[in-house]
Amino acid sequence: MYQYDKYDQQMVDTRVAEFRDQVERRLAGELTEDQFKPLRLMNGLYLQLHAYMLRVAIPYGTLNGKQMRMLGHIARKYDRDYGHFTTRQNIQYNWIKLEDAPDILADLASVEMHAIQTSGNCIRNISSDQYAGAAADEIADPRPWAEILRQWSSFHPEFSYLPRKFKIAVIASDEDRAAMRLHDIGIQLVHKDGELGAKFFVGGGMGRTPMIAPEIRDFVPADELISYAEACLRVYNRYGRRDNKYKARIKILVHELGKEEYTRQVEEEFAHMKTLGLNPPVEELARISEYFADPAFDTNASDDLDLSDPDFNLWVDQNTEKHKQAGYAIAVISLKPTSGIPGDASSAQIDLMADLAEQYSFDELRVTHSQNIVLPHVKKSDLYTLWQKLDEAGLAPANLDLITDSIACPGLDYCSLANARSIPLAQKISERFADLGRQRELGELKLKISGCINACGHHHAGHIGILGVDRKGTENYQLLLGGSAAEDTSLAKITGPGFDEDGVIDAIETVTDLYLKERQEDERFIDTYRRVGMAAFKEAIYG
Amino acid sequence: MVEAIRFRDDDTHEEPAVSLEAFLDQSNATAVRIEPGEDARLLIPLLDRLALIDVSFPAFGDGRGYSSAQILREAGYKGELRASGDVLVDQVAYMRRCGFDAFAPDAAIDTKVMEEALGRYDEVYQGTTDNRAPIWKLRHG
């Protein structure tokens, strides 16, 4: 994986010094909270209901054991002994003191990490496919491109006061594991005439007004990537709405202008941008790509696996994925135990995952947008030992992509924007559906819970989505069906009137029962829903 | 009136800046003021006439003026480019990178804090109209 050179290191070290100075000025009263807010936000520091929350960037979700261990250290030393992995492949800490924040950033910088632009109206951490470099179906590793974009977008002077936040995802396979078309810019690496380049989708997003990004260019060559991205951003910075923060994302601009007019403006800007010398040479992409070369796989490793232990067999079946190298597997550590908080891990669990990555996965881990952890390169002959060690630490729920592998936002337990709690609902659902046999019978089922319409829990993209709202002072949950964040991207629709907490869980059981009754052959829940339609599900729920 | 900050050696331009609309209507003005929603590109055919362009920042969070500045410098404008209004010390470094060389803030800027901020980062990751060499260029010559 990527390693900082002296320039990268100097940039993050300088950022620590800069933020230390800004915090001192804030604590001394030289900066008002209004003036300090954009500065702390660009360093990932939010003021939540009870304390400051710090969001640490994990660029394209990739990190090594040493970095993971530092995340555990921060949880232990500065927080309440746990961290929360997020849908943006980052980690956040919910109980941070402002005066500790500069020291935390210094600790992060010591392992080539930072919290730069993890919040604020700027270009956020670049996300990617969690199986990059390991997936059997990718045409190239998307992470060198993501790293080029990370460096370009860091401290970008023109695009740090955008109308609203700006999220970019890069993938390199037809299967979309990164919700690419639900990003402000989604990039898919593609080949054209033997050359690798980027297909651009612009104007996707969730939030109050979910939109699927349309394709605006089928091919941008590697040595024009930055000028094309600059063109997309400049049109947005100049013309994105600033009169209403709920209409300020680029999806609204693309929607209001129309894809054709937005594209025309971008192309016009691009023609100009290309003349400005903004693009790193292809040698820079080559330099970065070297860091992402395959690890030293054992090419004689065997594909044989002893699956005689039934629990291990279940875990292998559910939580491992096909690796591009024979004899290896991608192993997914589920952070969704029954009654657990989706995405939370204790410092001891974080330390253990760091150890296991070093021992069994060429010192690499990934964070997934569905809030799990991946060991991308595990030799099949090591899987059983690995699984035993995970199981001892409560890290072996065999529920990847099943109904209890839910995404949930922090909700009203932490967040000042939320209308309803998300975490207790996710916990109750995991208890109601705790039986693994029943979960497996239901098959792939993406359940996503948001505690308000800002949709941090991706409810629009859930096969089953839940949206928490405030109804006359009490928490109320709306049920949605039919969303998908994968390559068959679709937006979920609300079934009808909302429910209380137990009521919405009953309604989920009703719709899953109907699915079991209606499904044909090996249809997934989403397939049956699409075939049968909303009306039948509505009828089952509301009579 | 808070004192303006200039990074230019020439004399301060004395003529008051007129609105974009007024400027486009009259041929003799040499200073113009543009608002965030106005298209800086309308000035490109007329840059020879201009000695001062004042880019207004009614609120520091409205970043349209950064693009206006870049567009004007990319088009070859060499005169004074001034950011005025809600300009805070922590924005000055990015504004300098986008080509601003003068500042007329509503509230006084602590020049010591500003000097520290301007000198803080030795290198930059991306090319802008300040023409500093981005880190990728340092890596590859």
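The buried residues of helix α7 of chain A pack against β9 (195-202), α6 (225-239) and α8 (259-273) of chain A in this predicted model. Helix α7 spans residues 250-257, and its buried residues are Ile250(A), Lys251(A), Ile252(A), Leu253(A) and Val254(A). Here a residue is buried if 20 or more other C-beta atoms, placed from the backbone, lie within 10 Å of its own, and helices (H or I, at least four residues) and strands (E, at least two) are DSSP runs numbered from the N terminus. Just after α7(A), Gly258(A) adopts a positive phi of about 90°.

Gln117(A) lies in the loop between α4 (101-109) and β6 (127-128) of chain A. Gln117(A) counts as buried because it has 26 C-beta neighbours inside 10 Å. Beyond its neighbours within four places in sequence, Gln117(A) is in contact (C-beta atoms, placed from the backbone, within 7 Å) with Met42(A), Cys122(A), Ile123(A), Arg124(A), Asn125(A) and Ser154(A). The C-alpha atoms of Gln117(A) and Asn43(A) are 5.7 Å apart, although the two residues are 74 apart in sequence.

The contact between the chains takes 29 residues from chain A and 26 residues from chain B. On the side of chain A that touches chain B, α1 (6-27), α2 (33-41), α5 (143-153), α6 and α9 (282-291) each supply at least two residues. The most is given by α1(A), with four residues.

Residues are numbered from 1 along each chain as its sequence is written, and chains are lettered from A and ligands numbered from 1 in the order in which they are written. Local features need pLDDT of at least 70, side-chain atom pairs count only at pLDDT 80 or more, and totals for chains, interfaces and linings use all residues.

Key:
Buried ≥ 20, exposed ≤ 12 C-beta atoms within 10 Å, placed from the backbone. Contact = placed C-beta atoms within 7 Å.
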